[in-house]
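Subject: Handover of a structure

Dear colleague,

Please find the structure below, followed by an account of what was found in it.

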Amino acid sequence: MEEIIALSDNTIIIDRSEFLKVKGSIDTNLYYVESGSVRIFVLDEYQEQTIRFGYKENLIVSLDSFLTGKPSDLFIQAIKKTVVRVISKQQIDKFLETESNRNLWIKILENLVIQQMEREIDILTNSPKERYERVLKRSPQLFQEIPNRHIANYLRMSPETLSRLKKS
Amino acid sequence: MQSEKLIQMLLEQSRQIINQAEKLQSYDLNTLTWKENEISWSILECLEHLNLYGDFYLPQIENKIKNSTTKTDLEFKSGVLGNYFAKSMLPKEKLNK
């Protein structure tokens, strides 16, 4: 993945609450989080629903827009002051001209697909306790990096329920 | 200009403006409520004004678009009246005092 990060010639700093991306915009950038944390969310009838987090050493991207070049409904917002390296689609396309690079890219995408499948099961899991335990097991780091209220939203439960589950 | 391009440009402007507004959240209440004189507006009053207008106009605009029977134009052409109203809302060199 270092090879991809190295492609970046643009680093940006976003303050907490600032938006990297808003709903409706086309964003074909790949972002590597050097420090800080962000969340990716959608608006569901004026309610925010977080679908993914990014913290240090994560790659974040609005993959729908990246792959299609079309507008995406995703918001990307900094949870705290965040430093990101920006890699453009053009840089990735050039990168993918080599076969070994294409293989690396395929591995990254395969990984993402597996993560999406896990997430799909999360969402379809009825028991809040089980949803919490699934995420705790696969991303314990999340609970160090992200404030509870955002994790609760991601897990589709109230912050109070999450507190209770963490204590038991 | 192409409609799609205009929309993207406006979205980017909106993103930057929202980010500026987010910064204001960290200001203390004294700064946010400061007024130059009795009839001038504080930062909070300006924001409230914008929010009130947004709360009214945005659903109206959304509704009109949703119920429109006309087709979207690929190329955006502004009209005299639309242009006039849009421009009249831009910040001016000399602020209204």
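Ten residues of chain B are in contact with eight residues of chain A, contact meaning that the C-beta atoms of two residues, placed from the backbone, lie within 7 Å. On the side of chain B that touches chain A, two residues are nonpolar, four polar and four charged; Ala, Val, Leu, Ile, Met, Phe, Trp, Tyr, Cys and Pro count as nonpolar, Asp, Glu, Lys and Arg as charged, and the others, Gly among them, as polar.

The model is predicted: local features need pLDDT of at least 70 and side-chain atom pairs pLDDT 80 or more, whereas totals for chains, interfaces and linings use all residues. Residues are numbered from 1 along each chain as its sequence is written, while chains are lettered from A and ligands numbered from 1 in the order in which they are written.

Chain A contains an open, antiparallel sheet of four strands, ordered β2-β7-β4-β5. Strands are DSSP runs of E with at least two residues, helices runs of H or I with at least four, numbered from the N terminus; two strands pair if DSSP finds at least two bridges between them. Because β2 (19-21) and β5 (47-55) of chain A each have a single partner strand, one side of each lacks a neighbour in the sheet. Within the sheet, β4 (residues 37-44) and β7 (residues 75-78) of chain A are joined by four bridges, and Val38(A) stands opposite Ala78(A) in β7(A).

Leu104(A) belongs to helix α4 (residues 99-124) of chain A.

With kind regards
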